[in-house]
Amino acid sequence: MNTKNDVEVVINGKQYTMSGYESSEYLQKIATHINEKFTLFKEQEGYSRLDTDMKYIMLAINLSDDYHKAQNSANDLRIENEEMGKEIFNMKHEMISMQAQMEALEEKLKVLEEEKKKAEHDVIRLETELGTPPGKNKNK
């Protein structure tokens with residue numbers, strides 16, 4: 001079972017204790033992300049005039065937006081991964097089919113080469129029987 005970690009963090013200039021079963025590094029990373037959001041807000045005109053509640057609502061909205069965009073991105077990647085898996089499966093199937101065709105053609109080539117060799121022997125035999133020197137045809 002994981003142990004609960006308590007980590008001292010500074011968020012928006014104030015010290016807080018974050019608790020969780022995640023690693024201390026992870027909890028610090030969360031605090032850093034929140035601080036980055038506050039830094040971006042502070043760069044925007046009019047942010048300093050907002051009351052504290054509105055500042056935290058903006059933070060919540062932005063963090064929720066980040067979360068949903070990350071979920072959509074992960075879902076898109078999952079779908080793309082599934083599609084690539086299907087494409088790989090189809091390519092492997094096609095490759096196996098092409099290998100089978102190639103093997104069949106190689107076998108057919110062997111048969112044709114044997115038939116050619118037999119036909120050449122038959123030509124030589126027939127020319128010998130006719131008294132024509134091999135490779136010379138009287139009708140030429």
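I57 is found in helix α2, which covers residues 52–130; helices (H or I, at least four residues) and strands (E, at least two) are DSSP runs, numbered from the N terminus. This is a predicted model, in which local features need pLDDT of at least 70 and side-chain atom pairs count only at pLDDT 80 or more, while totals for chains, interfaces and linings use all residues. Residues are numbered from 1 along each chain as its sequence is written, and side-chain values use heavy atoms, with hydrogens and water left out.

I57 counts as partly exposed because its relative accessibility is 44%. Buried means under 20% relative accessible area, exposed over 50%, and partly exposed in between, with a 1.4 Å probe and protein chains only. Leaving aside neighbours within four places in sequence, K37 is in contact with L59, N62, L63 and D66, where contact means heavy atoms within 4.5 Å.

The strands come next. Strand β1 (residues 5–11) includes N5. Leaving out residues up to four places away in sequence, N5 touches M18, S19, G20, Y21, E22, S23, S24 and L27. The N5 side chain also reaches the backbone oxygen of E22, at 2.5 Å.

β1 runs antiparallel to strand β2 (residues 14–20), and seven bridges join them; two strands pair if DSSP finds at least two bridges between them. V9 has Y16 of β2 as its bridge partner. The two strands form a hairpin with two residues between them, and N12 in the turn has a positive phi of about 55°.

Technical notes. Polar contact = N/O pair within 3.5 Å; in protein donor to acceptor, adjacent residues only side chain to side chain.
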